[in-house]
Amino acid sequence: MSEHWYMLTLVGRDRPGIVARITRALYEGGCHLGETSMMRLGGNFTVMMMVQYAGTAKALEQLVAGEADSLGLKLHVDRVEGGRQQAVEPDVRITVYGADRPGIVAHVTGALADAGLDILDLISDIGGSEEAPIYILHLEGRALQGIPALASALEIVKGEGVDAQLTPIETMVG
Amino acid sequence: MAILEIIKYPDPRLKEASQPVQAFDDALRDFVADLEETMRAGPGGVGIAAPQVGRFERIVIVDVSGMRKLPAGSSNSGRLVLINPEITEWEGMAMGREGCMSVPDYTGNVIRAEKVRFTAHDEFGELHEYACEGYEARAVQHEADHLDGMLFLDRLVSRRTDLFRRKVYQQKDKR
């Protein structure tokens with residue numbers, strides 16, 4: 001039987017041991033994991049896993065539904081294209097931070113997209129105190145129109161009340 | 001001259017420590033020529049260590065001079081044949097992305113000293129002192145690690161490490 005790739009997503013209240021229980025169920029069901037990302041977002045457990053599996057999406061859901069239910073997690077499965085190695089190398093890293101307010105991400109990523117940024121990786125955090133929260137955005141990506149174009153876009157964004165750092169990524173292969 | 005076969009992780013030999021070179025003879029120089037040809041044939045091609053081709057002697061080559069655009073802040077010492085290299089001083093820290101001919105299709109973030117000073121013999125047995133910084137210093141540290149059975153995989157840091165964890169590394173890794 002041919003193997004398919006699925007994107008399996010779980011979201012819910014965090015507690016210790018979720019990853020172990022879910023991946024055990026997948027392993028015993030004959031699945032093989034690809035790239036995976038688990039994060040706590042706002043105190044919630046979230047995980048997205050590339051799963052290689054010979055059966056249908058429905059059958060894959062049934063493999064983990066028992067554990068997901070007992071852990072109180074929402075489960076979602078999509079058939080996807082892709083495979084084990086899909087790495088694209090970033091050539092630029094950008095950090096943006098400032099006093100938290102609505103619209104930072106939309107504004108900054110809009111300006112960067114217009115300047116040719118293809119985002120490969122995005123993480124954001126909220127720090128600072130409750131009265132004065134700070135929003136911190138990390139991006140890695142490809143500068144499709146070159147790094148100077150992104151640097152110029154960031155200069156404009158910085159004039160509008162956030163701080164930003166741009167670092168070229170020069171991958172050393174030895 | 002010949003292009004040698006690169007051994008790839010999970011081959012356990014990559015985790016072996018290499019022995020110092022004793023004889024600076026024609027056989028050594030022939031091997032260095034082959035190692036250099038192998039390095040230049042590879043992707044990136046700025047560094048290689050003897051254990052990557054299955055020879056467990058303390059020999060590395062680094063050459064960043066052929067890069068289309070040398071990254072800002074990097075020294076450029078040209079072709080460096082480093083035999084029995086000893087890093088003697090480390091200064092500063094920087095996170096950078098590394099890949100390895102022995103670990104295809106994967107790159108990751110690694111923290112290295114920004115500047116290093118080191119001694120090494122050349123292929124004729126003469127001892128030299130060097131100082132490198134930036135990208136070139138990263139290449140030297142990456143290759144020197146191979147001689148101790150260390151891969152960049154042993155030094156990966158998480159994506160969130162960049163801003164907040166720099167100090168931890170210095171305490172653990174300056175030795």
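**View 1. Polar links across the interface of chain A and chain B.** Here the rule finds 10 residue pairs in polar contact across the interface of chain A and chain B, both residues at pLDDT 80 or more. A polar contact is a pair of N or O atoms within 3.5 Å; within protein, one must be able to donate a hydrogen and the other to accept it, and residues adjacent in sequence count only if both atoms are side-chain atoms. This is a predicted model, where local features need pLDDT of at least 70, side-chain atom pairs count only at pLDDT 80 or more, and totals for chains, interfaces and linings use all residues. Residues are numbered from 1 along each chain as its sequence is written, chains are lettered from A in the order in which they are written, and side-chain values use heavy atoms, leaving out hydrogens and water.

**View 2. A salt bridge between A:Glu140 and B:Arg97.** The closest N and O atoms of this pair are 3.3 Å apart.

**View 3. The contact area.** In contact (heavy atoms within 4.5 Å) are 20 residues of chain A and 25 of chain B. About 1900 Å² is buried between the chains, with carbon and sulfur atoms giving 53%; that is accessible area (1.4 Å probe) lost on being put together, summed over both parts. In chain A, A:Met172, A:Val173 and A:Gly174 lose the most area to chain B, together 36% of what that side buries.

Definitions and conventions
Buried area = accessible area lost by both parts, 1.4 Å probe. Salt bridge = Lys/Arg side-chain N within 4 Å of Asp/Glu carboxyl O.
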